[in-house]
Structures are given as structure tokens and as C-alpha cells.
Amino acid sequence: MSDLDSTRKFVVLLVEDSNVDARLTRAALEENHFNVELHHAIDGREGIAFLRREAPAYADAPRPDMILLDLNMPRMNGREFLAELKTEAGLADIPVVVLTTSDVEQDVVASYQLGAAGFVTKPVDLDQFIQAVRYLGDYWFNLVRMPRG
């Protein structure tokens, strides 16, 4: 982590409705030895509640350094989450990387228009998924300079 204190974990909020994909993401981060504190929200509504510290369970929630976002979720999908997040003072500057099974061009375009910092299509193959997370982590956790705070 070039700009973060090397002892401080990089805080990531994963907004993902699939427990299987959430476990795979956690395993891929661990497999790649990234110093990450991963929090999981099961949909956009829970993600917003986490960020706003609305529920008692989230009263002490840390501010994420980045958000990994699935697009297709119940209650509040990824596009709705992005649209709401990017209007929130104090939260809009958190980088959001869409991590989804979709490879539809319209989803890519809409995600960037809504303020996503990146768009990654989840590989189906486990080894390719771990490699994709490695590339993502190398970029965001090691290369990109993040604001201190």
C-alpha cells in the first residue's frame, strides 16, 4: 500500500447478494495476501445503511477506502446504489469498482456514467477470478494514491 500506513488495513465494502461470490471474493483477497478489512452488505440498501451508519449494527462502521459492487441485486441494485451514493456528501468520493457477472456494454456505460471508478466482469473460472482480484488489488491497494484520512 504505497500511500496508506503499511500497518493499516485497506477497508473494502463488498456489496454483493450472493454469499458464494462474497466468500470467493474474500478467499481471493486472502489468497493474494492483500491487507484488507472486508465488510459485506447483501444489497444496495444494506450498503447505504452501512455507509450512513444507520442501523445499530453499523454505528461504528469504518469508512471504506473502496467499494466492490455487484449490479444485479434485489431491493436496491448496483445502479440504484451508485446513483444514490454519488449524491451523498462525504461518501461520493469513495471509489466504486463494479465487480459483476455482466459483460453487457449497456451496464458498463451506465456504471461509468453513474460514477464507477472501474468495471470488472467476474471470470467464471476460479483461477481467473483469483487473478482478476490480484490485478484489481495490485492497482487499488498498491499503485493508486488514495487521500489520507
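Modeller: A salt bridge here is a side-chain nitrogen of Lys or Arg within 4 Å of a carboxyl oxygen of Asp or Glu. The model is predicted, so local features need pLDDT of at least 70 and side-chain atom pairs count only at pLDDT 80 or more, while totals for chains, interfaces and linings use all residues. Residues are numbered from 1 along each chain as its sequence is written, and side-chain values use heavy atoms, with hydrogens and water left out.

Biologist: How many salt bridges are found in the whole structure?

Modeller: The search finds eight. One of them pairs Asp21 with Lys122, with the closest N and O atoms 2.8 Å apart. Asp21 lies in helix 1 and Lys122 in the loop between strand 5 (118-121) and helix 5 (126-143), so the pair ties together parts that are 101 residues apart in sequence. Helices (H or I, at least four residues) and strands (E, at least two) are DSSP runs, numbered from the N terminus.

Biologist: Is Lys122 buried or exposed?

Modeller: Lys122 is buried, because its relative accessible area is 8%. Buried means under 20% relative accessible area, exposed over 50%, and partly exposed in between (1.4 Å probe, protein chains only).

Biologist: Which residue forms a salt bridge with Arg75?

Modeller: The partner is Asp43, and their closest N and O atoms are 2.6 Å apart. Arg75 is in the loop between strand 3 (66-69) and helix 3 (78-85), whereas Asp43 is in the loop between strand 2 (36-41) and helix 2 (44-52), 32 residues apart. Asp43 is buried at 3%, while Arg75 is exposed at 52%.

Biologist: What is the phi of Arg75?

Modeller: Phi of Arg75 is near 60°, a positive value in a residue other than glycine. Arg53 also has a positive phi, of about 55°. Arg53 sits in the loop between helix 2 and strand 3 and is partly exposed at 42%. Most residues other than glycine have a negative phi.

Biologist: And where are Asp107 and Arg79 placed?

Modeller: Their side chains meet in a salt bridge of 3.6 Å, N to O. Asp107 belongs to helix 4 (residues 105-113) and Arg79 to helix 3, 28 residues apart. Asp107 counts as buried at 14% relative accessibility, and Arg79 as partly exposed at 23%. Salt bridges that share partners also join Arg52, Glu54, Glu84 and Glu88 into one network.

Biologist: What is Phe81 in contact with, leaving aside neighbours within four places in sequence?

Modeller: Phe81 is in contact (heavy atoms within 4.5 Å) with Val15, Gly44, Gly47, Ile48, Leu51, Ile67, Leu69 and Met76.
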